[in-house]
Amino acid sequence: MPSKAPVSLVVGAGPAGILSAVYLARRGHEVHLFDRRPSPLVCDASDHRAFFVMLQPRGAAALEGAGFALRPDGGLQQVSAIAMTLGRRGPQAIPFKQPRLMGPRHAFVRQMVEQAEAMQLPNLHFHFETAFEAVDLAAQTATLRAGSTPCDSSSSGEEADGGSSISFSYDLLVAADGGWSRVRRAAEAQTSELQVTVEQVEGRYKVFRHLPASPAMPFTAAGGSSSNGSNGTDAGSKASKEGSSAAVQLQMLRPTGAGSSSGPAVMFLAPEAGSASGAVCGMLALTGEAAWEGLQTTEECQAFLARQFPSLPAEWLPEIASQLEAAPLAVAGMRVHASQLHGPSLVCIGDAAHGVTPRTGNGMNAALEDAVILDQLLEAAGEDLASVPAAFTAKRLPDARALLWLDGTAAERNGTSRWGRLHPLALGSGASMIYRSLLSKATGGWVRPHAQIAMNDLAMPYREVQAQVCRDNLLLGTLGLPAAAPIAVLAAVAAGADRLRC
Ligand SMILES: Cc1cc2nc3c(=O)[nH]c(=O)nc-3n(C[C@H](O)[C@H](O)[C@H](O)COP(=O)(O)OP(=O)(O)OC[C@H]3O[C@@H](n4cnc5c(N)ncnc54)[C@H](O)[C@@H]3O)c2cc1C
């Protein structure tokens with residue numbers, strides 16, 4: 001008997017595409033999922049661009065809702081806290097309520113493909129090495145080309161070689177093919193309401209690996225004390241008590257900011273997942289390429305690293321410098337500003353819809369959340385599939401815009417812009433972190449914690465996060481000096497006691 005199930009084509013087997021394909025298949029659609037690259041199960045993409053991505057509660061909930069249970073394995077590991085070091089000041093641990101999974105994007109994608117295949121959904125069909133080429137939105141027909149693309153090629157999606165061209169008719173087309181989305185660009189040419197601006201950001205990142213374990217840079221907090229005597233141990237011991245002793249602390253090193261002459265940079269360090277010798281890997285994120293450009297030799301790189309990150313173990317400097325010199329700078333993302341997230345029978349999700357830079361650590365998490373929202377709208381629409389794309393824009397665009405705003409102001413709020421901690425947004429953010437933390441504790445959570453915590457720990461909708469940031473800034477700006485004085489005193493006391501956490 002011929003199936004009357006709606007046919008959905010999902011282009012892009014990244015986090016957004018895989019998850020939405022599974023949700024669609026669970027809802028009874030006949031789903032074809034395409035990716036121009038080979039399957040991550042046969043393709044090792046662990047190259048120098050294998051950056052860290054962290055799964056926040058909103059992303060984890062989205063995955064669980066579709067039956068995924070990702071685990072610390074195959075490149076993913078559990079992180080119990082971020083231990084933040086500012087200049088020479090020892091690490092200040094920000095513990096998570098629950099350990100979070102962290103690892104390279106391809107490790108997430110590999111586990112997702114593995115688990116999606118294990119679900120044995122008969123109506124979910126994977127088509128790797130098959131690139132989207134064109135779409136006729138009016139005829140609801142997409143053209144794809146089978147052909148191999150190297151695992152580690154750039155994400156512009158142009159270069160499948162040879163192979164045969166295949167046409168698919170569809171009821172719903174889901175563009176999940178990343179920031180450069182070819183589907184979205186094809187739709188733009190056919191739908192005047194869909195207008196997209198891709199904002200290139202100046203940020204760059206470099207990944208390095210295989211650093212030998214160093215007692216000066218601990219990642220666990222066994223026994224309740226770390227070798228550098230910092231208080232960055234609570235999270236590790238807490239995690240250990242909770243039975244997640246394998247969880248590690250991600251180290252985040254920040255330069256002193258305003259005083260740094262070479263431009264803003266942040267470094268993340270973590271144990272290399274699965275390394276028996278405790279090797280360490282890391283990622284250097286630069287908000288301005290200029291910071292790196294003048295450096296010609298390994299010695300200059302070393303001097304840059306030592307100046308920016310005085311707490312880095314000295315024995316690591318030559319190795320990090322030579323790896324950074326050898327590998328090219330990678331662009332740390334883009335911002336995709338779309339007038340709407342849909343076209344006729346088309347929905348754009350993930351980076352294809354609202355790509356952001358890594359600054360808020362939410363690109364993948366927002367992409368996963370998109371899949372849940374699409375699923376909820378499908379349920380509400382029943383048989384009326386044609387109404388879903390516009391409903392998706394109505395529901396998701398305000399959050400997408402807020403996320404883009406949060407991304408655009410993240411450097412200022414986090415004190416990693418050229419102004420350092422002296423930027424008004426960074427000062428405001430620091431002040432609201434303190435007063436919200438105090439009020440939240442005092443009122444038993446009635447006053448919401450700082451936007452950063454609410455966004456990640458509580459999965460607060462992005463538009464509410466943005467509204468909170470704006471309200472706090474307005475409040476602090478209006479109260480001005482009378483409020484600044486007690487806040488400064490509180491900040492000094494908190495810093496002195498070294499106790500205040502969010
Ligand atoms: C340095 C760095 C750090 C980051 N850290 C974080 C973090 O901590 N937390 C977080 O949430 N996010 C983070 N991100 C962002 C995150 O990686 C992305 O937001 C996420 O991968 C987006 O998922 P997606 O499925 O929308 O797109 P993608 O992951 O880009 O997947 C798109 C897929 O589409 C395929 N494709 C492209 N063109 C075609 C075509 N023509 N035909 C068929 N297939 C095609 C690609 O091969 C790819 O598999 C980081 C990003 C960077 C660069």
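The model is a predicted one, in which local features need pLDDT of at least 70 and side-chain atom pairs count only at pLDDT 80 or more, whereas totals for chains, interfaces and linings use all residues. Residue numbers start from 1 along each chain as its sequence is written. Helices (H or I, at least four residues) and strands (E, at least two) are DSSP runs, numbered from the N terminus.

Strand β10 belongs to an open sheet of six strands with mixed pairing, whose order is β6-β2-β1-β10-β19-β18; two strands are taken to pair if DSSP finds at least two bridges between them. The edge strands, each of which pairs on one side only, are β6 (124-127) and β18 (342-343). Strand β1 (residues 7-11) runs parallel to β10 and is joined to it by four bridges, with A175 of β10 as the bridge partner of V11. Strand β19 also runs parallel to β10, through three bridges, and here V174 stands opposite V347 of β19. By contrast, β18 and β19 (residues 346-348) pair in the antiparallel sense over two bridges, and V347 of β19 is the residue that H342 stands opposite.

Strand β15 is mostly covered, with seven of its seven residues buried. V280, G282, L284 and L286 point one way from this strand, C281, M283 and A285 point the other way, and all are buried.

The pairing of β15 with β12 is antiparallel and extends over six bridges, and within it L286 of β15 is the bridge partner of R204. Strand β14 (residues 265-271) likewise pairs with β15 in the antiparallel sense, over seven bridges, and A265 stands opposite L286 of β15.

Helix α8 (residues 317-326) has I320, A321, Q323 and L324 as buried residues. Because these residues cover an arc of only 165° around the axis, they lie on the same side of α8, the arc being that of the directions from the helix axis to the C-beta atoms. An α-helix has 3.6 residues a turn, so residues three or four places apart point the same way. The buried residues of α8 pack against β12 (204-211), β15 (280-286) and α7 (298-308), where two residues are in contact if their C-beta atoms, placed from the backbone, lie within 7 Å.

Helix α7 contains R307, which is partly exposed because 13 other C-beta atoms lie within 10 Å. The C-alpha atoms of R307 and G87 are separated by 9.0 Å, although the two residues are 220 residues apart along the chain.

## Helix α2

The buried residues of helix α2 (residues 57-65) are R58, G59, A62 and L63. Seen down the axis of α2, these buried residues fall within an arc of 135°, so they line one face of the helix. Their cover includes α1 (15-26) and α10 (363-381). After α2 comes G67, whose phi is positive, near 95°.

## The packing of α11 with α12

Helix α11 (residues 388-414) and helix α12 (residues 424-442) pack at an angle of about 75°, and their axes are 6 Å apart; axes are lines fitted to C-alpha atoms, for helices over the stretch in contact, and angles run from 0 to 180 degrees between N-to-C directions. That angle makes α11 roughly perpendicular to α12, since angles under 35 degrees count as roughly parallel, over 145 as roughly antiparallel, 65 to 115 as roughly perpendicular and the rest as oblique.

In this contact, T409, E412, R413 and N414 of α11 meet L425, A426 and S429 of α12. The residues of the contact divide into two nonpolar, three polar and two charged, where Ala, Val, Leu, Ile, Met, Phe, Trp, Tyr, Cys and Pro count as nonpolar, Asp, Glu, Lys and Arg as charged, and the others, Gly among them, as polar.

## The chain as a whole

The secondary structure of the protein chain comprises 14 helices and 19 strands, and 45% of its 502 residues count as buried. Among the contacts in the chain with a separation of 6 or more, 69% are between residues 24 or more positions apart.

Technical notes. A residue is buried if 20 or more other C-beta atoms lie within 10 Å of its own, exposed if 12 or fewer, and partly exposed in between; C-beta atoms are placed from the backbone.
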